[in-house]
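Thanks for making time this morning.

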Amino acid sequence: MTDESYPNKAALYEALATIGDALAGGLRRSTVPAGLFEEAPEREPESLEQRSAEPHDAASTEGRAPARAPFAASDSLESDRSEEIDTATALSALEAEVKTCTRCVLSSGRHKAVFGQGVIEPLVLVIGEGPGAEEDKQGLPFVGASGQLLDKMLASIGLYRDQNCYIANIVKCRPPNNREPSPDERATCMPYLRRQITLLKPRFILCAGRTAAQAMLGTAEGINKLRATIRDFDGIPLVPTYHPSALLRDESLKRPAWEDLKRLRSLIEAERGLND
Ligand code: SF4
């Protein structure tokens, strides 16, 4: 990502979102959902592109064959070995590294590191700030009240963590007393997320909350300015929005969050329209 390329990318993404809105009949669909995340809509698997890759999380990889054969069956098996490591295997190896990581002080207070959960090659990678108490207990991202709301928000535009999303955080271990992770902690943990992104190959990124958006974009801009825009992370369109916990504290944020989700949906529809 460069300062020079970013404005052009942003303009391109905005144009694509407009196209996507037209393709999807955006105005016609813009009033959904009336209850704004109160109830998750019925699943519409055909509503957005499905990424049917194998789900990946700590529990799902144990004792199960990876999505693809780890290595190609060829005479050059050994020499090609490093290039043909299966993504699921690589993710599992990275997850094992995270679970025993002591690179920053957050390791000292964690019960379980939270690596991530979802499918490989997701349509959307959702990125939050870090684990809370329940996530720390379960070892899974976005569980508890804010996780349930996130699931409803995603479902409102046809996204599901077990079908076409992957959910991860900027830091993998819980900051004590739910404090914000420090800049040093974010920077120390960021290589893990970057590696996840390289392996997962998401089409789009949704950043939930100020800390996640700032860390991903290397900016100090506030979330009120960041949201309502489409940014770029290494060539991947990135949509910032409010963290679900902020919506739980302030109901008035649900409407702008819905606008952000519609923007993401329009981008997805545009890509699907261009690929049809
Ligand atoms: S937060 Fe990240 S860098 Fe810090 S100990 Fe946990 S996994 Fe390691």
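Which residue in S4 is the bridge partner of Gly128? It is Asn169. Before going further, the ground rules. What you see is a predicted model, in which local features need pLDDT of at least 70 and side-chain atom pairs count only at pLDDT 80 or more, while totals for chains, interfaces and linings use all residues. Residues are numbered from 1 along each chain as its sequence is written.

Helices and strands here are DSSP runs, H or I of at least four residues for helices and E of at least two for strands, numbered from the N terminus. By that count the protein chain has 12 helices and seven strands.

A residue is buried if 20 or more other C-beta atoms lie within 10 Å of its own, exposed if 12 or fewer, and partly exposed in between, with C-beta atoms placed from the backbone. Of the 276 residues in the protein chain, 43% are buried.

Back to the strands. Two strands pair if DSSP finds at least two bridges between them. Strand S3, residues 124-128, runs parallel to S4, residues 165-169, and five bridges join them. S3 also runs parallel to S5, with four bridges, and there Leu125 stands opposite Ile205. Because five of the five residues of S3 are buried, this strand is largely enclosed by the rest of the structure. That holds for both faces: Val124, Val126 and Gly128 are buried on one side, and Leu125 and Ile127 on the other.

Moving on from S5, residues 204-208, we reach S7, and these two pair in the parallel sense over four bridges. Ile205 turns up again here, opposite Leu238 in S7. S7 covers residues 236-241, and five of its six residues are buried.

S7 has another partner, S6, residues 231-233, and this pairing is antiparallel, over three bridges. Phe233 stands opposite Ile236 in S7. S6 and S7 form a hairpin with two residues between them, and Asp234 in the turn has a positive phi of about 50 degrees.

Glu121 has a phi of about 50 degrees and is found in the loop between S2 and S3. Glu121 counts as partly exposed because it has 17 C-beta neighbours inside 10 Å. Ala228 has a phi of about 70 degrees and lies in the loop between H10 and S6.

Now a helix. Why is H9 described as largely enclosed by the rest of the structure? Because seven of the eight residues of this helix, residues 210-217, are buried. Those buried in H9 are Arg210, Thr211, Ala212, Ala213, Gln214, Ala215 and Met216. The cover over them includes S3, H8, S5, H10, S6 and S7. After H9 comes Gly218, with a positive phi near 60 degrees.

Next, the core. A nonpolar core is a set of buried Ala, Val, Leu, Ile, Met, Phe, Trp, Tyr and Cys residues joined through C-beta atoms within 7 Å. The largest one has 61 residues, and Ile127, Cys165, Phe204, Leu206, Cys207 and Leu267 have the most contacts inside it. Helix H12, residues 254-275, gives the largest share of this core, six residues. As general background, nonpolar side chains in soluble globular proteins tend to be buried together.

Take Phe204 as an example. Two residues are in contact if their C-beta atoms, placed from the backbone, lie within 7 Å. Leaving aside neighbours within four places in sequence, the contacts of Phe204 are Leu123, Val124, Ile236, Pro237, Val239, Leu264, Leu267 and Ile268.

Last, the ligand. A residue is near a molecule if its C-beta atom, placed from the backbone, lies within 6 Å of it. There are 14 residues around the ligand, of which Cys101, Cys104, Ser107, Cys173 and Cys189 come nearest. Helix H8, residues 183-200, gives the largest share of this shell, three residues.

H8 is also the place of Asp184. Is Asp184 buried or exposed? Asp184 is exposed, because it has 10 other C-beta atoms within 10 Å. Asp184 and Cys104 are 80 residues apart in sequence, and their C-alpha atoms are 8.4 Å apart in space.

That is the end of the tour.
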